[in-house]
Amino acid sequence: MIYLVTVALALALALSLRALWKQNRALHDLEQAARRGQPLLHDESPAAYLPAWAVLTEAVNRLITQNNSLQQQRSDQLAQLEATLGNLREAVLIVDGANYIHLANRALREIFPGARDLVNLRLELIVRSGPFLEYVRATREGTVLPREEFEIIDGDHTLWIEASGAPIPSPDGKSQWALFVIHDMTNQRKLERVRRDFGANASHELRTPLSIIKGYIETLVDGHQTMELADRDKFLRTIQRHSERLKSIIDDLLALSRLESATPGLKFAPLSLTGYYGELLEEYRNRPQAAGHTLTVNVPASIGLIEADGEKLAHVFGNLIENAFKYTPKGARIELGAAAAGDGDVECWVRDDGPGIPTADLPHIFERFYRVEKGRSRETGGTGLGLSIVKHIVQLHGGTVWAESGEGGGLTIRLRLPRRQKT
Ligand code: ADP
């Protein structure tokens with residue numbers, strides 16, 4: 001009897017354990033299905049081994065299907081938004097509650113070319129700016145903020161962006177996202193900086209000779225009656241030298257502003273480079289500064305004509321030859337050359353075998369007031385504006401200009417000019 005009861009109890013326990021195991025498995029299967037987002041098929045659903053779970057299984061399957069279709073709708077909406085905003089000139093950014101990027105149109109990708117695809121990346125990886133991230137957070141939380149500008153360090157570059165934003169509900173409506181319209185202000189800010197620096201540099205350059213002139217004149221006014229004749233002479237010569245310097249700076253500044261104006265007044269005409277170089281050589285060989293320098297011309301007779309403003313180009317070559325006189329010692333060789341280049345262009349150069357300039361300075365020498373050796377430039381009457389005038393004239397001809405170091409020292413300034421001007 002006891003034996004029979006024990007067997008019956010063991011059987012009942014085994015059956016309950018089996019039912020429990022089935023329910024556990026059913027729960028696990030439903031959970032897995034929900035996690036994968038795949039509804040369960042009939043023969044793998046708990047209903048196959050637990051008919052009582054059929055209703056629950058069906059409900060879970062329905063939920064999974066609805067969720068999938070919502071997800072699909074959401075990515076369709078984003079894709080549609082992306083297509084709409086893709087060609088907009090304004091950069092548009094959408095981030096979710098955890099700062100993951102969900103939309104970045106083409107204009108935005110152009111602002112941050114370093115990152116290939118911005119979508120699904122965290123904003124912090126792209127925009128390294130605490131204040132901007134704070135702006136994003138506050139916008140998402142609904143604080144109405146005015147348009148604001150941010151400085152962003154991107155590797156070696158600094159970017160300036162102006163952003164305005166608004167909170168938007170996430171596609172599932174459960175959280176807050178944020179949308180931003182961004183303008184790239186980098187070029188504008190750089191231009192402003194160049195202008196500011198130029199203003200400061202120009203004032204400094206003008207003030208130096210002016211204060212010297214003022215000081216000497218004051219001394220002369222106070223003491224000219226008692227002053228030695230030789231001293232007076234020395235003072236007057238100093239005043240003369242610095243007024244000439246003042247005039248050179250003002251002349252160069254005026255030349256630059258004319259070249260930068262809307263009407264730089266260039267007069268293009270066909271010009272034979274061989275004849276033109278011949279005349280330049282004659283003129284500069286006879287200058288007193290040319291003493292001790294060898295000036296040669298290297299231009300093939302077949303070089304032909306180019307369309308250019310001869311007077312303005314004379315300013316270019318004159319400046320380059322005078323620089324070569326100024327910055328090379330006696331005995332230096334200066335070559336004026338030209339050769340046909342690709343695309344029907346012409347390449348012209350002025351080369352010297354003087355000390356040249358360090359490689360790091362090469363790209364900067366066309367900037368206004370940039371001097372490699374400040375003392376030497378001023379001593380020889382340089383304004384620091386010669387090469388920027390050269391660059392402007394070459395650019396107004398549709399050409400480019402650059403500097404190269406010679407192999408054994410020396411400097412070559414090359415200009416590439418189109419043969420014909422665009423009409
Ligand atoms: P600057 O009036 O001072 O000569 P430029 O704009 O003509 O101004 O030239 C800029 C600087 O480039 C000069 O100050 C000088 O340091 C350097 N430079 C120009 N030409 C030469 C050259 N042929 N050899 C060495 N350095 C040069």
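**Entry 1: conventions.** I number residues from 1 along each chain as its sequence is written. Because the model is predicted, local features need pLDDT of at least 70 and side-chain atom pairs count only at pLDDT 80 or more, while totals for chains, interfaces and linings use all residues.

**Entry 2: the whole chain.** I found twelve helices and twelve strands in the chain; these are DSSP runs numbered from the N terminus, helices being H or I of at least four residues and strands E of at least two. The C-alpha trace spans about 145 × 65 × 45 Å along its principal axes. I noted a radius of gyration of 39 Å for the chain, whereas a compact globule of 423 residues would have one near 22 Å. This radius is taken over C-alpha atoms, and the globule rule is 2.2 Å times the number of residues to the power 0.38.

**Entry 3: the ligand.** I looked up which residues surround the ligand and found 20, the closest being V372, S377, G382, G386 and L387. A residue counts as near if its C-beta atom, placed from the backbone, lies within 6 Å of the molecule. Helix 10 (310–327) and helix 12 (386–396) are the elements that give two or more residues to this shell. Helix 10 gives the most, with three residues. By class, I recorded nine nonpolar, eight polar and three charged residues in the shell. Ala, Val, Leu, Ile, Met, Phe, Trp, Tyr, Cys and Pro count as nonpolar, Asp, Glu, Lys and Arg as charged, and the others, Gly among them, as polar.

**Entry 4: helix 10 with helix 12.** I then turned to the pair of helices at the ligand. Their axes come within 9 Å and cross at roughly 145°; axes are lines fitted to C-alpha atoms, for helices over the stretch in contact, with angles from 0 to 180 degrees between N-to-C directions. K312, H315, V316, N319, L320 and N323 of helix 10 meet G386, I389, V390, I393 and V394 of helix 12; contact requires C-beta atoms, placed from the backbone, within 7 Å. This contact has six nonpolar, four polar and one charged residues.

**Entry 5: helix 8 with helix 12.** The axes of helix 8 (residues 229–260) and helix 12 come within 10 Å and cross at roughly 20°. Helix 8 is therefore roughly parallel to helix 12, a term for angles under 35 degrees. D252, A255, L256, L259 and E260 of helix 8 make the contact with S388, I389, H392, I393 and L396 of helix 12. I recorded six nonpolar, two polar and two charged residues there.

**Entry 6: helix 1 with helix 3.** Helix 1 (residues 2–36) and helix 3 (residues 54–86) have axes that come within 10 Å and cross at roughly 10°. They are therefore roughly parallel to each other. L30, A33 and A34 in helix 1 meet T57, V60 and I64 in helix 3.

Technical notes: Parallel < 35°, antiparallel > 145°, perpendicular 65-115°, else oblique. Contact = placed C-beta atoms within 7 Å.
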